Amino acid sequence: MQLDERKIKIMQAIIRNYLETGEPVGSRTISKYTDLNLSSATIRNEMADLEEMGYILQPHTSAGRIPSDKGYRLYVDTMMEEKDRELEELKEMILEKEDKMDNLLKQVAKLLAVNTNYASMISAPTVHGNKLKFIQLSKVDVNQLLAVIVMEGNVIKNNILSVAQELSDEIILKLNIMLNTYLNGLALEEINLALITSLKQQAGIHSGIIGDVIDAIAEGIKAEEDLEIYTSGANNIFKYPELADQRRASEIINTFEEKQMLTELVQETLSDEANTGIQVYIGNETPIQAMKDCSVVTATYELGEGMRGTIGIIGPKRMDYDKVIGTLKRITHQLDDLYKNKK
């Protein structure tokens with residue numbers, strides 16, 4: 001007898017419910033856990049077939065069913081295949097997105113420099129207020145687990161966790177369900193001591209693994225990625241006599257080439273979560289020492305899921321502020337549409 005889609009869904013519903021409650025599962029309960037719209041009688045017939053095939057057991061007469069070792073094995077193998085496939089698809093999508101995003105941002109920087117006749121910069125989007133989307137533990141070998149942590153913006157972090165003894169697939173499955181049930185959708189600051197204590201109590205002798213996963217989440221969310229910044233039009237500086245002398249021009253060009261000070265400017269701009277408008281720095285107001293004779297106008301753009309970046313225009317203090325601010329406002333509104341069109 002083959003396991004068709006209906007039997008697999010019923011099987012999965014039995015296991016999920018049993019893992020949550022620890023109680024045998026009846027047909028009426030299963031009808032609430034599937035989207036098959038089957039009667040209790042039909043579900044009972046399917047459960048009888050699954051029992052005959054050895055995937056579920058009936059511990060007592062008139063009681064519901066519980067998974068057998070064979071049923072757990074099917075569930076674990078099926079789930080792991082699905083998650084592995086999802087992660088591969090996610091990684092491919094991210095690589096494709098990143099390549100398209102790089103090209104898009106370079107085009108935006110060039111467009112800004114050409115249209116304004118000033119120097120321009122734009123940072124790649126980074127994730128702020130990051131929240132967990134998914135956690136997957138899987139066995140690497142007897143004493144190691146791979147923790148795959150997926151955060152908003154589809155940021156993926158992989159961590160190898162050491163374990164004192166080999167864990168069964170069933171234990172790993174239960175830990176996965178527990179972690180995802182309690183932590184998905186939470187930001188780091190929402191994972192408080194009470195929640196961690198509750199998770200560790202439920203994990204029992206495996207509480208150390210919960211602690212390791214929490215540490216990995218904190219490390220992944222707090223880790224500062226290398227900030228990618230794209231620039232264009234630095235040579236436009238030479239068009240303005242007040243900036244064109246060798247010392248000033250050299251300092252500004254070096255700032256664009258080394259990008260460290262531009263990175264600090266972007267981080268300062270993005271550190272204020274409420275800042276999504278235009279910022280104008282004139283002369284000494286500019287955070288970058290080499291640009292004290294310039295004006296710097298920045299804007300924050302958003303791409304959803306906490307993804308934010310900074311666009312900036314650098315020019316003389318006599319820059320056309322009206323044109324620059326209008327251009328930045330249009331770009332910040334259009335960038336999301338530009339990105340969507342390039343997916």
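1. A crossing of two helices is called left-handed if the near helix is turned anticlockwise from the far one by less than a right angle, and right-handed if it is turned clockwise. In this predicted model, side-chain atom pairs count only at pLDDT 80 or more and local features need pLDDT of at least 70, while totals for chains, interfaces and linings use all residues. Residues are numbered from 1 along each chain as its sequence is written, and side-chain values use heavy atoms, with hydrogens and water left out.

2. The crossing of helices H5 and H6 is right-handed. Helix H5 covers residues 169–183 and helix H6 covers residues 193–203, and their axes come within 11 Å and cross at roughly 160° (axes are lines fitted to C-alpha atoms, for helices over the stretch in contact, and angles run from 0 to 180 degrees between N-to-C directions). That angle makes H5 roughly antiparallel to H6, where over 145 degrees counts as roughly antiparallel, under 35 as roughly parallel, 65 to 115 as roughly perpendicular and the rest as oblique. H5 brings Leu175, Met178, Tyr182 and Leu183 to the contact, and H6 brings Leu195, Leu199, Gln202 and Ala203; contact here means heavy atoms within 4.5 Å. Sorted by type, the residues of this contact are seven nonpolar, one polar and no charged (Ala, Val, Leu, Ile, Met, Phe, Trp, Tyr, Cys and Pro count as nonpolar, Asp, Glu, Lys and Arg as charged, and the others, Gly among them, as polar).

3. For the protein as a whole, the secondary structure comes to 10 helices and 11 strands, which are DSSP runs numbered from the N terminus (H or I, at least four residues, for helices; E, at least two, for strands). Buried residues make up 45% of the 343 residues, where buried means under 20% relative accessible area, exposed over 50% and partly exposed in between, with a 1.4 Å probe and protein chains only. Among contacts between residues at least 6 apart in sequence, 62% join residues at least 24 apart.

4. Helices H1 (residues 5–21) and H3 (residues 40–52) pack with their axes 10 Å apart, at an angle of about 85°, and that makes H1 roughly perpendicular to H3. On the H1 side the contact involves Arg6, Lys7, Ile10, Met11 and Ile14, which meet Thr42, Glu46, Met47, Asp49 and Leu50 of H3. The residues of this contact divide into five nonpolar, one polar and four charged.

5. Is strand E11 enclosed or open? Of the 10 residues of E11 (residues 307–316), 10 are buried, so this strand is largely enclosed by the rest of the structure. Strand E3 (residues 119–123) runs antiparallel to E11 and is joined to it by four bridges (two strands pair if DSSP finds at least two bridges between them), with Ala119 standing opposite Ile314 in E11.

6. The loop between helix H4 (69–116) and E3 contains Asn117. The phi angle of Asn117 is near 70°, which is a positive value in a residue other than glycine. With a relative accessibility of 35%, Asn117 counts as partly exposed.

7. Strands E5 (residues 132–141) and E6 (residues 144–151) pair in the antiparallel sense over eight bridges, and a hairpin of two residues joins E5 to E6. Leu132 stands opposite Met151 in E6. Met151 has 0% relative accessibility and counts as buried, and the C-alpha atoms of Met151 and Gly185, which are 34 residues apart along the chain, are separated by 8.9 Å.

8. Leu145 is found in strand E6 and is buried, with a relative accessible area of 2%. Not counting residues up to four places away in sequence, Leu145 touches several residues, including Ser138, Val140, Ile160, Leu167, Ile172 and Ile209. The C-alpha atoms of Leu145 and Leu167, 22 residues apart along the chain, are separated by 9.1 Å.

9. Two further residues lie in helices, one of them Asp169 in H5 and the other Arg28 in helix H2 (residues 27–31). Asp169 is buried at 19% relative accessible area, whereas Arg28 is exposed at 64%. Leaving out residues up to four places away in sequence, Asp169 touches Arg73, Val76 and Lys139, and its C-alpha atom is separated by 8.5 Å from that of Ser138, 31 residues apart along the chain. For Arg28 and Ile43, 15 residues apart along the chain, the C-alpha separation is 8.3 Å.
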